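Hello,

Here is the structure you will be taking over. Please open it first, then read the notes below it.

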Amino acid sequence: MNELDIRHLRIFLALYASKNVTRAADSVGLSQSSVSVVLAQLRQHYGDPLFVRTSGGMKATPRAEALRPLVYQALKLLEQCLEPSTVFDPLTSNRCFRICMPDLGQTILLPRLLSVIDKQAPNVNIEVSNLSYETARKLETGEADIALGFTEEMKAGFYKQKLNNERFVLIASKNHPDIDGKMSLAQLQQQKFVKVMLTGTSHSIIEKFLERKGIVCNYVANVPNFIGLGQIVASSSLVAIVPLRLGIIFESENAVKMVQLPLKFPSYTVNQFWHERFHRDPANMWLRSLIHDTSETLEMENKTNQAYLW
């Protein structure tokens, strides 16, 4: 095949379809003599006449019939390779995107994101997995497209984009007998806490901050994630420290109240991450843009909801 190029493939298919050298020349924008030269080269290369004159036009030989699907496939692959960039159409795409995010993001951002995707890309599928120590490897290999949240695992080779800032709040049952309004440091240390056992995420900030301050909390229950935490707090005298956005959701869905912490806990930044291999991938770019815009909308709504807070 070293003697043939993409022009030979196009002329082969044009001859097969038109059964006429003149019409084939018109379809590929060449002169009849140029097409005849290429046909001669094709015949020499394959050692077969390929197309022979009959009363019904030029008919393909059995060798040409066998070559036709292969030539068509080869031409399509070459044309795709030569295109400067691919185009992603969300309306027609049936791609499956894989997003890594903590359960916090699954509670706050994911419902709104899925609603937007359902309208803009009705055939697209979303597969969500938890943020973990495997996430960086998955982004690098393409097993995951985007990662969302707070993590310190993404080093060289990754891009990140800020989505929003988050701070912490304490939640307690609305009927909690000892908590009303602001809380003192002494009151904080007297409470019984639910601890969310997450590592490498935003909750690790709480642990490190309390340790630096020499504050020991009385953890009487450990849970693996934030799922069900609002109901646990609402139905007991236990308290928990959670990101403010989640506190707002719990307050609206459960019988809990938010209480200002007696110490200024550090805030943290929620980012989205992707590997440099897919930085210019049109589909990945579309998803990143959609996540950013959705998060920005939630940020504006969140500021409105916080207007009554402290």
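**What was found**

N254 touches K174, G230, Q231 and A234, leaving aside residues up to four places away in sequence. Contact here means heavy atoms within 4.5 Å. N254 sits in the loop between α11 (244–253) and β11 (256–259). Helices (H or I, at least four residues) and strands (E, at least two) are DSSP runs, numbered from the N terminus. N254 is buried, at a relative accessible area of 16%. Buried means under 20% relative accessible area, exposed over 50%, and partly exposed in between (1.4 Å probe, protein chains only).

A word on the source. This is a predicted model, in which local features need pLDDT of at least 70 and side-chain atom pairs count only at pLDDT 80 or more, while totals for chains, interfaces and linings use all residues. Residues are numbered from 1 along each chain as its sequence is written, and side-chain values use heavy atoms, with hydrogens and water left out.

Next, the sheet. Three strands make an open sheet, ordered β10-β7-β11, with antiparallel pairing. Two strands pair if DSSP finds at least two bridges between them. β10 (240–243) and β11 are the edge strands, each pairing on one side only. From one strand to the next, the twist averages 40°. Axes are lines fitted to C-alpha atoms, for helices over the stretch in contact; angles run from 0 to 180 degrees between N-to-C directions. Four bridges join β7 (residues 168–173) to β11 in the antiparallel sense. A172 has K257 in β11 as its bridge partner. Helix α11 packs on this sheet and touches β7, β10 and β11. The direction of α11 makes about 110° with that of β10.

The largest nonpolar core has 62 residues. Such a core is a set of buried Ala, Val, Leu, Ile, Met, Phe, Trp, Tyr and Cys residues joined through side-chain atoms within 4.5 Å. L170, L229 and V242 have the most contacts inside it. Helix α12 (residues 282–305) gives the most to this core, with six residues. Another core, of 22 residues, lies apart from it; A24, Y46, V71 and L75 are among its members.

Last, the cysteines. How many disulfides are there? The count is zero, taking a disulfide as a pair of cysteine sulfur atoms within 2.5 Å. C96 is in none; its nearest cysteine sulfur, that of C100, is 12 Å away. That is too far for a bond. C96 is partly exposed, at 25% relative accessible area, whereas C100 is buried, at 1%.

Best wishes
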